[in-house]
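Let's walk through this protein together, one topic at a time. Please have the structure open as you read.

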Amino acid sequence: MALVLASGSRIRAELLKNAGLEFEVDPADVDERAVEAPLLEAGFPPEDLASVLAEAKANDVSTRRPGDLVIGADQVLAFEGERRTKPEDMEAARRQLLAFSGKTHELHSSVVISRDGEALWRHVSTARLTMRDLSPQFVGHYLAAAGDAVLSSVGAYQLENIGVQLFERIDGDYFTILGLPLLPLLGELRSLGVIEA
């Protein structure tokens with residue numbers, strides 16, 4: 001039995017590696033927009049979207065890896081009652097950051113463990129992040145310094161890097177913000193006997 005991460009996310013793999021886990025990476029092939037479309041239409045809350053997407057990814061990979069334990073994860077950003085997705089370009093990132101300026105948004109991070117196409121365990125954690133008041137000049141300088149990496153993040157920032165300068169207050173778990181609720185995941189892996197208790 002292998003432990004498998006159903007994600008191509010560099011930071012998620014780094015978090016698992018730094019925690020001392022041995023695992024394989026096998027990214028899921030899931031059309032996220034197609035999965036979430038009926039959920040958005042039905043008015044599902046952001047935390048449920050994150051959970052369904054994480055489970056879809058874990059189940060996708062676990063169906064082609066019999067017997068393996070597969071970790072799926074997803075993160076949904078909610079701002080003023082709307083779900084936000086990764087910015088398409090630097091101009092979209094600029095507009096998003098200026099909209100977030102001086103306000104609070106939520107990151108809902110879900111992690112699911114599946115085996116043979118069936119979820120064994122699910123967890124969702126939420127963090128609330130308040131950006132400081134940002135001037136257009138600062139946002140421009142920030143985007144120039146951070147570069148295209150901001151386009152791989154739903155919030156247009158990486159908190160573990162220069163993105164930390166955007167914030168005034170953070171309520172929630174650091175790992176949740178990075179997109180993988182690591183402490184609950186490690187607890188469940190201990191319960192399943194995958195790692196030493």
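The sections below cover the model, its strands, a lysine in a helix, the nonpolar cores and the salt bridges.

## About the model

This is a predicted model, in which local features need pLDDT of at least 70 and side-chain atom pairs count only at pLDDT 80 or more, while totals for chains, interfaces and linings use all residues. Residues are numbered from 1 along each chain as its sequence is written, and side-chain values use heavy atoms, with hydrogens and water left out.

Helices (H or I, at least four residues) and strands (E, at least two) are DSSP runs, numbered from the N terminus.

Which strands pair with S5? Two strands pair if DSSP finds at least two bridges between them. Strand S3 (residues 69-79) runs antiparallel to S5 and is joined to it by nine bridges; there, Leu77 stands opposite Leu107. Strand S6 (residues 118-131) also pairs with S5 in the antiparallel sense, over twelve bridges, and Thr126 in S6 is the bridge partner of His108. S5 and S6 form a hairpin with two residues between them, and Asp116 in the turn has a positive phi of about 50°.

## A buried lysine

Have a look at Lys57 in helix H3 (residues 46-63). Is Lys57 buried or exposed? With a relative accessible area of 10%, Lys57 is buried. Leaving aside residues up to four places away in sequence, Lys57 touches Ala6, Ala28, Val30, Glu32, Ala73 and Asp74, where contact means heavy atoms within 4.5 Å.

## Two nonpolar cores

A nonpolar core is a set of buried Ala, Val, Leu, Ile, Met, Phe, Trp, Tyr and Cys residues joined through side-chain atoms within 4.5 Å. The largest core has 21 residues, of which Leu97, Met131, Tyr157 and Leu166 touch the most other members. At least two residues of this core come from each of S3, helix H4 (90-100), S6 and helix H5 (136-146). Another core, of 19 residues, lies apart from it and includes Ala13, Ile113, Leu178 and Leu180.

Tyr157 is worth a click: among its contacts, not counting residues up to four places away in sequence, are Leu77, His105, Leu107, Tyr142 and Phe167.

## Salt bridges

How many salt bridges are there? The count comes to 18, a salt bridge being a side-chain nitrogen of Lys or Arg within 4 Å of a carboxyl oxygen of Asp or Glu. In helix H1 (residues 10-18), Arg10 and Glu14 lie four residues apart, about one turn of the helix, and their side chains meet in a salt bridge at 3.1 Å, N to O. Helix H4 holds Glu91 and Arg94, three residues apart, whose salt bridge is 2.8 Å, N to O.

Arg83 and Glu36 also form a salt bridge, with the closest N and O atoms 3.4 Å apart. This pair links distant parts of the chain, with Arg83 in strand S4 (residues 82-84) and Glu36 in helix H2 (residues 32-41), 47 residues apart. Glu36 is buried, with a relative accessible area of 2%, while Arg83 is partly exposed at 26%.

Key. Buried means under 20% relative accessible area, exposed over 50%, partly exposed in between (1.4 Å probe, protein chains only).
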